[in-house]
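Hello,

Here is the structure I promised to pass on to you. Have a look at it first, and then read my notes below.

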Amino acid sequence: MADIVSDGAGSGVRVRVRRFRGMLGATPPLLWSLLYFFSLLCGYYVLRPVRDAMGASSSAQAVFPVAWVDWAAARGFALGDYVLQVLFSFTFVAMVLLQPVYGALVARYPRRVFLPVVYLFFIACLLGFHWIFQHEVPGRGGLFFIWVAVFNMFAVTVFWSFMADVFDDTQAKSFYGYIGAGGTIGALVGPLLTTILVGRIGVANLLLVSVAFLAVCLLCILKLGHWARRRERMHHDASGERAMGGSMLAGLRRVATDPLLRGLALIMFFGVGVGTLLYNEQAAIVRTFYPDARDAARYYSIIDGAVNALTLLVQVLVTRWLLRRHGVAPALLIPAFAILCGYALLALSPMPLLVALTQIATRAGEFSLAKPGRETIYTRVDREARYKAKAVVDTVVYRAGDLSFVWLHKWLALFGSRAVFIAGMGVAAGLVFAAASVIREQRKLPSSRRSS
């Protein structure tokens, strides 16, 4: 009987592999999209361990310019006690300042111009940081932390906006799970490259590795541009080859006035909230239960491994079927309810095992279901919503959530872990409500994407 089950499982895997190969052969942009997202996340995750090491430092001198440390000390508080809070605050300010710049770029130039410009800008920044790290410029830690956060938000939101130009709603439901899996593999390979290379080439030269991956992203953009134009011609829509026009602040107005976009913004805000509260409280619990650095590292590594494994499994085996068969509703609601249940359990018993399980459910559910579900919705809206409003949601709203909840946790932590998790239940309930509102509003959209 075990052999029969094994043969059946093997046959099922072979069928899926053949189906995937058939998709790649019949749909060349799928291959380029997979390579694009793999390279983007691999390049980011090469940088992330460097960023996290700087953010985890309690030494203000290692993160901030000397003048900042002296200014804080002269006013009676230690900047080292607020490293993450200060970094998150400045990250939010950077997002707010850069959003109009991005909006102006999108408004004034066609897609074939502004997409490469965004990535060339990031490459230029990395080359600048390479020089800064080589010369050990003071304050480089905080500046790099903020830049990496900005890079991640803008680069990823540009990627998914572009995907909504390349694929229609039906294709998105078939392909986004596989594309997400390509990104997950990149997220696995990136830290591995950092582990292998950092001792051999140093931190500064790691940035050049990331530059190489961003160069591959540029190649993919050029290749996919042909397929985006071809799809637009089939739908009698050449808007991608024209400047979008409109105000640089149009994205903010669309988010404020459009019920669907407002719901997507609330999902982002509350989703970031549950993640930030859990991340910060997890750190406090780990310090209590695993004071030894090796035990703490093992605990975190187990969580990361489980998140990536579960995410990849769901992306390959479940996401495509769920989106095609049932639409976005379960993709949005299942992770939201899982988070709510996880916080309820943690409010009763904030133990490390439950924290780990909730963290795994939260992150894997976001990457494998909620994110692809939200992104398919953007294939059915106009270009201003896809590029301008989406950028507001994915950058400004995201970092506003980070900023709000990192300070909220600082206050809630005074009352203990249970207070944090009870508050988290309220935030998770907000996430469920926002998901329900988005599901209701997206049903009013046409089944195929509207032209501009």
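**A leucine at the surface**

You will find Leu-310 in helix α11, which covers residues 293-326. Leu-310 also belongs to a nonpolar surface patch of about 480 Å², together with Leu-313, Val-316, Leu-317, Val-318 and Trp-321.

**How confident is the model?**

Please keep in mind that this is a predicted model. Across the protein chain the mean pLDDT is 82, and 84% of the residues reach 70 or more. Which elements mark the two ends of the confidence range? The highest mean pLDDT among the elements belongs to helix α15 (residues 417-442), at 94, and the lowest to helix α1 (residues 2-26), at 56.

**Aromatic pairs**

How many aromatic pairs does a search of the whole structure find? It finds 24 of them. One to look up is Tyr-36 with Phe-159: the ring centres are 4.7 Å apart and the planes stand at 90 degrees, so this pair is edge-to-face. Tyr-36 sits in helix α2 (residues 28-55) and Phe-159 in helix α7 (residues 140-166), so the pair ties together parts that are 123 residues apart in sequence.

Trp-411 and Phe-415 form another edge-to-face pair, with 5.2 Å from centre to centre and 70 degrees between the planes. Trp-411 is partly exposed, with a relative accessible area of 49%. Phe-415 has a relative accessible area of 54%, so it is exposed, as the cut-off for that word is over 50%.

Which residues does Ser-39 touch, leaving aside its neighbours within four places in sequence? Ser-39 is in contact with Phe-213, Val-216 and Cys-217.

Enjoy exploring, and write back with any questions!

Best wishes

Definitions and conventions. Residues numbered from 1 in each chain as written. Predicted model: local features only at pLDDT ≥ 70, side-chain atom pairs only at ≥ 80, totals over all residues. Heavy atoms only, no water. Patch = residues over 30% accessible without salt bridge, like charges linked within 9 Å, V, L, I, M, F, W, Y side chains within 5 Å. Areas by Shrake-Rupley, 256 points an atom, 1.4 Å probe, with all protein chains shown as cover. Salt bridge = Lys/Arg side-chain N within 4 Å of Asp/Glu carboxyl O. Helix = DSSP H or I, 4+ residues; strand = E, 2+ residues; numbered from the N terminus. pLDDT = per-residue confidence, 0-100. Phe/Tyr/Trp six-rings, centres within 6.5 Å; stacked < 30°, edge-to-face > 60°. Buried < 20%, exposed > 50% of the residue type's maximum accessible area, 1.4 Å probe, protein only. Contact = heavy atoms within 4.5 Å.
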